[in-house]
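Look over the sequence and model first.

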Amino acid sequence: MFKLAGIILLMTGCIGLGIGRVKDEKRRILELHQIKRIILRIQNEIVYGKRTLPEICFLLGKYMEEPYQSIFSSLYQKQKENSGYVLEKLWKEQMEEGMKELPLKKDEKDILRNLPEHLGIQDETMQAADIGQSMDMLQERIKQAEAGYENKARVIMSISVMAGLFISILLI
């Protein structure tokens, strides 16, 4: 009786672990889409709104979801205080701290983290074109993540079930 209960609990735990990994992969795709919306918004505000980066941070701090809302609000506050930081350094620090819990790969986080490098040019159309390169990289990441999601989900669930079965057999 106890063995059966142990096997059921072990299988439930392994399957739950697999479900958690699949949810992380789905959340990764959603975060990539969120970053895409952020970059598009920045690009549009630069080209059509003729806004400066502090103004864009203020807008994004109001209308984005967490954790981006707090990241951009903090960026705006620190720029407003004019604490002597270079914008690129401040941006990278805030993005690093705010995005550390997200289920994104390092190079995916770097797309948003390195965005101010493209904003040093004075011409809005050149800035938008340079930001467009980041958008292209992000689009490619989104396509790869979405294309591989179904296969990854199947593999993760299969491995978690098999691991549960294997451990159960070993413990019997």
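## Basis

This is a predicted model, where local features need pLDDT of at least 70, side-chain atom pairs count only at pLDDT 80 or more, and totals for chains, interfaces and linings use all residues. Residues are numbered from 1 along each chain as its sequence is written, and side-chain values use heavy atoms, without hydrogens and water.

## Overall shape

The protein has six helices and zero strands. Helices here are DSSP runs (H or I, at least four residues; strands are E, at least two), numbered from the N terminus.

The radius of gyration is 21 Å, well over the 16 Å from the globule rule for 172 residues, so the protein is more spread out than a compact globule. That radius is taken over C-alpha atoms; the rule is 2.2 Å times the number of residues to the power 0.38. Buried residues make up 37% of the 172. Buried means under 20% relative accessible area, exposed over 50%, partly exposed in between (1.4 Å probe, protein chains only).

## Aromatic pairs

The whole structure holds two aromatic pairs. Rings of Phe, Tyr and Trp (its six-membered ring) pair if their centres lie within 6.5 Å; planes under 30 degrees apart are stacked, over 60 edge-to-face, the rest tilted.

Phenylalanine 58 and tyrosine 76 form a tilted pair, 5.0 Å centre to centre, with 50 degrees between the planes. The pair links helix H2 (residues 53-63) to helix H3 (residues 68-81). Phenylalanine 58 is partly exposed at 35% relative accessibility; tyrosine 76 is partly exposed at 21%.

Phenylalanine 72 and tryptophan 91 pair edge-to-face, at 5.6 Å and 70 degrees. Both are buried.
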